[in-house]
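Work through these exercises with the sequence and the model side by side. Try each task before you read its solution.

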Amino acid sequence: MLVRMVVRDAERIRAVEEAIAGLKAELLTVGVLLPSVRVDPVSAAGESPYPLVDLGCVNLDTAMRLTAVLHEVRR
């Protein structure tokens with residue numbers, strides 16, 4: 001049973017890491033870099049189906065770029 005839990009945990013982490021990689025890649029295509037995106041360690045240690053993605057802190061320039069991109073998408 002312990003082996004099954006380890007595989008499940010590895011799959012959860014792999015899924016969130018793939019999501020983070022995809023998010024970073026897509027944001028970079030529109031000129032937005034979120035340098036501190038990471039797996040939230042607290043939720044990764046818990047039993048939720050998938051860990052949370054911590055988008056981290058951004059500087060003013062990044063916040064303005066992200067706002068501009070989101071505004072363009074709505075148009």
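**Exercise 1.** Which residues does Val32 touch, not counting residues up to four places away in sequence?

*Solution.* The model is a predicted one.
- Step 1: find Val32. Val32 sits in the loop between helix H1 (2-29) and strand E1 (38-39).
- Step 2: list its partners, leaving out residues up to four places away in sequence. Val32 touches Leu27, Thr62, Arg65, Leu66 and Val69.
- Step 3: Val32 and Arg65 are 33 residues apart along the chain, and their C-alpha atoms are separated by 6.1 Å.

**Exercise 2.** Is Val32 buried or exposed?

*Solution.* 
- Step 1: take the cut-off. Buried means under 20% relative accessible area.
- Step 2: apply it. Val32 has 1% relative accessibility, so Val32 counts as buried.

**Exercise 3.** Which residues form the largest nonpolar core?

*Solution.* 
- Step 1: Nonpolar side chains tend to be buried together in soluble globular proteins.
- Step 2: name the members. The largest nonpolar core holds eight residues: Val16, Ile20, Leu27, Val32, Leu34, Val37, Val39 and Ala44.
- Step 3: ask which element gives the most. That is H1, with three residues.
- Step 4: look at one member, Val39. Not counting residues up to four places away in sequence, Val39 touches Ile13, Val16, Glu17, Ile20, Ala44, Pro51 and Leu52.

**Exercise 4.** Where is Ser43 found, and is Ser43 buried or exposed?

*Solution.* 
- Step 1: Helix H2 (residues 41-45) contains Ser43.
- Step 2: compare with the cut-off. The relative accessible area of Ser43 is 11%, so Ser43 is buried.
- Step 3: list its contacts beyond four places in sequence. They are Arg12, Ser48, Pro51 and Leu52.

**Exercise 5.** How many positive and negative side chains does the protein have?

*Solution.* 
- Step 1: count each set. The protein has 9 positive and 10 negative side chains.
- Step 2: compare their centres. The centres of the two sets lie 2 Å apart.

Methods. Residues numbered from 1 in each chain as written. Predicted model: local features only at pLDDT ≥ 70, side-chain atom pairs only at ≥ 80, totals over all residues. Heavy atoms only, no water. Helix = DSSP H or I, 4+ residues; strand = E, 2+ residues; numbered from the N terminus. Buried < 20%, exposed > 50% of the residue type's maximum accessible area, 1.4 Å probe, protein only. Contact = heavy atoms within 4.5 Å. Lys, Arg positive; Asp, Glu negative; His and termini not counted. Charge placed at Lys NZ, Arg CZ, Asp CG, Glu CD. Core = buried A, V, L, I, M, F, W, Y, C linked by side-chain atoms within 4.5 Å.
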